[in-house]
Amino acid sequence: MNLRFPTAVVTITLLAPCAANADTIDDFVRARQKRDHVPGIAIAVLKDGKVVRRRGYGLADVEHNARVTASTPFQLASVTKQFTAVAVLMLMEEGKLKLDDKAIQHLPDLPDAWRDVTVRQLLNHTSGIKSYTNVASFRTTFRKDFTQTEIVDVVKNEPLEFAPGAGWNYNNTGFFLLGMLIEKLTGKTYGAFLAERIFQPLGMTRTRVNDLGIVIPGRGRGYSWRDDQLVNGEYISPTQAYAAGALVSTIDDMARWEGALASGNLLKKSSYEQMWTPTRLPGRKEGYGFGWWIDEINGHRRISHSGGIPGFATEISRFVNDRITIIVLCNSDSTDADSLAKGIARRFIPTLTPTTPKAVAVAPETIRGISGYYDREGRIGAFLRRSGQLSLDGETLKFSAPDTFFLANFDVSLRLQKFRAVKDSAGQVKEVVKNEERRAARIGPLANDAPPQHDPDTALTRRLEATLKALAQGEKNLDSFPVTPGFKSQFAGTPLPELVGGVKDISFVAAFNVADRGILRFGSKVSRVLYYKLSINGAAKYILIYLTDNGLMADEDVVKD
């Protein structure tokens, strides 16, 4: 039997001080930590599989004032998927499965509707099976412990999103099923198999499947930033994440993992190549392999994966041609570990940073005309005004022309993001095009900019008020409320978090016609967007209501500005 894993513990070797300025890295990490209200961060930088920098910042446990160290365990969330993928490939190399086997061959109790789904399609998110984490009713059960059968039951009656192999959609169900497959073929639990084949041989003594009921010494506690205060992260039962996201690890153990990946001793070369090859679909390819994203940043090939779960954000970014790897573990879900890793990486690989256009000044009216709410592929986005400048997602934009602007904060993205404002015949901005590829239709001005209008339909306002109150309480039967079928199927029986606490004092602000913008929400075309001001849990907020041409609510968004 060809096991192909190191027979000795992988030790962590610190090389000579790195070329990147340590103070610059510290300043960057601490600035992001302060901006995003992150209690604790651990980072490691490796060159050729050897650690050149590792450090902890802040607190692993705020209540006990315990600091982050290189041995602080963090929840990895979806970074778990790469371990699951390697485990499956180990079984493939042993002849216990083939990647093009039908999953139902090994898991015969799976629904017949999944009979054509292969192991490969589970690994690369092309199975078409709906992700259980995207089922509306599931989002109310964070604390519940599930059996494996119960997780399958969540999605077994959901229609396939596309024929197996015909499309791509990030899918936690696929990796959950792979965990079940590992257990079926080995006769061991998922955690026991990983411990025997990966963690113990590599000396990853602090890595394991999460269990919130046991004591893990030094465990990092997860946090969220909510309503301008730090709160404990939501409790998520590890039985839900399982092989899709249930591992905990430390920065030192993750450095050992990277050392093993860099050495190529875990798998055959051909297996690595399959794992790190983008998925090919009819007419296109997706930048995802088996448990890893594959992309290129300014000519630098990157293999990476991020993880996000209430209370934690994680990232491993392998710049393979540069032989530099950045690992970031955060005990907060209010930050973006991917952009943290990119910000660190560009201090080691200067050519990651693209050339910046020359910035020009524009009139305040130009900035005001662009600012507002936009539809970003079914989600709301906002170009805001901050200190006389345009901003997006907290980052300041600069102009290269009155209708062209860009994001050049390369500590957030190592790609130059260019935007172009498109106006209608009346000279009003109707959409913004990003990188000449993605179009975001303008919904309307910021709530504070919307000129107050007379409520043209007070009866509709009262019906919408009743609908919002029902949604706040998780009403299961929405048949008597003016909502679209798509919205009802998503949110019936699910208390909307942004409305929990009570909806009061709703008052009409303005209405905007968007029938020509092509905005869709849950499969329904949006014709009008209504702005209301209301009180939620005692705080004054604005809410945008998306209406179809026959007056049904297709979606809602609570906004701050």
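**Exercise 1. The surroundings of S332**

Leaving aside its neighbours within four places in sequence, with which residues is S332 in contact? Describe also its location and its burial.

*Solution.* The model is predicted, so local features need pLDDT of at least 70 and side-chain atom pairs count only at pLDDT 80 or more, while totals for chains, interfaces and linings use all residues. Residues are numbered from 1 along each chain as its sequence is written, and side-chain values use heavy atoms, with hydrogens and water left out.

Step 1. Contact means heavy atoms within 4.5 Å. Neighbours within four places in sequence being set aside, S332 is in contact with H37, V38, P39, Y223, G311, F312 and A313.

Step 2. S332 is found in the loop between β14 (324–330) and α11 (337–345). Helices (H or I, at least four residues) and strands (E, at least two) are DSSP runs, numbered from the N terminus.

Step 3. The relative accessible area of S332 is 0%, so S332 is buried. Buried means under 20% relative accessible area, exposed over 50%, and partly exposed in between (1.4 Å probe, protein chains only).

Step 4. The side chains of S332 and S334 make a polar contact of 2.7 Å. A polar contact is a pair of N or O atoms within 3.5 Å; within protein, one must be able to donate a hydrogen and the other to accept it, and residues adjacent in sequence count only if both atoms are side-chain atoms.

**Exercise 2. Helix α11**

How many residues of α11 are buried, and which residue caps its N-terminal end?

*Solution.* Step 1. Nine of the nine residues of α11 are buried, and the helix is mostly covered. They are A337, D338, S339, L340, A341, K342, G343, I344 and A345.

Step 1. The N-terminal cap of α11 is D336, with a side-chain oxygen 3.1 Å from the backbone nitrogen of D338.

**Exercise 3. The open sheet**

*Solution.* Step 1. The order is β3-β2-β1-β14-β13-β12-β11, with antiparallel pairing. Two strands pair if DSSP finds at least two bridges between them.

Step 1. Because β3 (66–67) and β11 (293–297) stand at the edges, each with a single partner strand, one side of each is left without a neighbour in the sheet.

Step 2. The partner strand β12 (residues 300–309) is joined to β11 by five bridges and runs antiparallel to β11. Within this pair, R301 in β12 stands opposite E296.

**Exercise 4. The barrel and its hairpins**

Which strands make up the closed barrel? Trace the pairing from β16 to β19.

*Solution.* Step 1. Eight strands close the barrel in the order β15-β16-β17-β18-β19-β20-β21-β22, paired antiparallel. From one strand to the next, the twist averages 35 degrees.

Step 1. Strand β16 (residues 379–386) is joined to strand β17 (residues 389–392) by four antiparallel bridges, and R386 has Q389 in β17 as its bridge partner. The two strands form a hairpin with two residues between them, and S387 in the turn has a positive phi of about 55 degrees.

Step 2. Two bridges pair β17 with β18 in the antiparallel sense, and S391 stands opposite T396 in β18. Two residues lie between the strands of this hairpin, in which D393 takes a positive phi near 50 degrees.

Step 3. Strand β18 (residues 395–401) pairs with strand β19 (residues 404–407) over four antiparallel bridges. A401 stands opposite T404 in β19.

Technical notes
Axes fitted to C-alpha atoms, helices over the stretch in contact; angles between N-to-C directions.
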